[in-house]
Amino acid sequence: MRAHWKRIAGVLCGALMLATTSAAAAQTPGNGQIVGPGGLATGARSFSTKLTDPMSATVTAVTPTRLDRQRNRNGVYNRNPSVNEVVSAAQSEINTANVDCRVVEASLMGYNFEQQAVYEVSCGTGMGYVVGASSPPTVTDCITIAGRADMALRADPAATPVVCTLSANRNISGMVANYAREAGVGCNIDEAAMAGTSVAGNAVYEVGCTGADGYWIEKASAGWMLTPCVKVAAQSNACRFTTRDEQAATVRTWLAGTSAAACDVTDVRYMGANAQGAFYETRCGAGDGYVARLDNAMAVQQVLPCAQAAGIGGGCTLAANRN
């Protein structure tokens, strides 16, 4: 086997679990019980960044083995497979795996420890895949591969994780942005990537918005679910592509035309939700902060100064609002 095929880096199999927190429930006059950020009634979900690996040990460095040596003696590695042979073999594996992809380009990445070929394929439109010729074939999309590589590099900058290299498979941000638009995200998307998997095992992607709060989006069996980054933060997680200033800018648009319109929002906290809506604490650059109740369409239904909101979700807790 060619030396460069034997230098394929190992796949990251470890996982970093992101914990969630549950705020204590409280009573608010006329609104019933508030369920905190970790509660099921909030609509916000717990996430982990564990990237399940359906192609475990697929793309690994192959050390010389008796089988390797036998293959060399038999002349298996005496020539490179042709482009057409690689495409044909990859298409066969994709078909066997029941993945809807017409392979337009393919590369042989190497062999796994079981001496099974591993291919990267592009499908013309949409995402590409890494395919292991096991029985049955294992298939992992390039967005997941990129997410795994990013995790590996953040844990160890000297790591050499597997990445998709075909030109059609490199625009990971663009592919995730397409998912976001399908999910109903209407902002100008400036960054996007895979965030991990939900506790339900669904892929979760992060989307950054220019000058506004971003989202985590999850593709569930019933369709896309969106979680604003301000809610993600309430679960002790963090959006990498959204700044506090961007979140504050979004909240200012919520408060326009309300009694809190003059608030120069500098910080925001998701407090929880009940049947009447979701509650957010806002901190202002000057003066007292506010608690705003929003409906499912993110329209403000009620605004209370922090001084009058002590019974809502434990009251205001952002530093400038505690006095």
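Val121 sits in strand S5, which spans residues 117–122. In this predicted model, Val121 is buried, because its relative accessibility is 0%. Leaving aside neighbours within four places in sequence, Val121 is in contact with a set of residues that includes Ala90, Ile94, Cys101, Val103, Tyr129 and Leu166. Cys142 is 21 residues from Val121 in sequence, with 9.3 Å between their C-alpha atoms.

Gln91 belongs to helix H2, residues 83–96. Its relative accessible area is 18%, so Gln91 counts as buried; the cut-off is under 20%. Beyond four places in sequence, Gln91 is in contact with Cys101, Arg102 and Val103. Cys101 and Val103 are also among the contacts of Val121.

**The sheet S12 to S15**

Four strands make an open antiparallel sheet, ordered S12-S13-S14-S15. S12 (265–274) and S15 (300–305) are the edge strands; each has a single partner, so one side of each lacks a neighbour in the sheet. On average, neighbouring strands here are turned by 20 degrees against each other, direction ignored. Eight bridges pair S12 with S13 (residues 277–284) in the antiparallel sense. Within that pairing, Asp267 stands opposite Arg283 of S13.

Helix H6, residues 244–255, lies across S12, S13, S14 and S15. It runs at about 70 degrees to S12.

**Salt bridges**

The whole structure holds six salt bridges.

| Pair | Closest N to O distance |
|---|---|
| Lys219 and Glu182 | 3.8 Å |
| Asp264 and Arg252 | 3.5 Å |

Lys219 forms its salt bridge with Glu182. The pair links distant parts of the chain: Lys219 is in strand S10 (residues 212–220) and Glu182 in helix H4 (residues 172–183), 37 residues apart. Lys219 is partly exposed at 38% relative accessible area, whereas Glu182 is exposed at 55%.

Arg244 is exposed, at 54% relative accessibility. Asp267 is buried, at 11%.

Asp264 forms a salt bridge with Arg252. Asp264 lies in the loop between H6 and S12, and Arg252 in helix H6, twelve residues away. Both are partly exposed: Asp264 at 45% relative accessibility, Arg252 at 35%. Elsewhere, salt bridges with shared partners join Asp150, Arg154 and Arg240 into one network.

Notes:
Residues numbered from 1 in each chain as written. Predicted model: local features only at pLDDT ≥ 70, side-chain atom pairs only at ≥ 80, totals over all residues. Heavy atoms only, no water. Pairing = 2+ DSSP bridges. Helix = DSSP H or I, 4+ residues; strand = E, 2+ residues; numbered from the N terminus. Axes fitted to C-alpha atoms, helices over the stretch in contact; angles between N-to-C directions. Contact = heavy atoms within 4.5 Å. Buried < 20%, exposed > 50% of the residue type's maximum accessible area, 1.4 Å probe, protein only. Salt bridge = Lys/Arg side-chain N within 4 Å of Asp/Glu carboxyl O.
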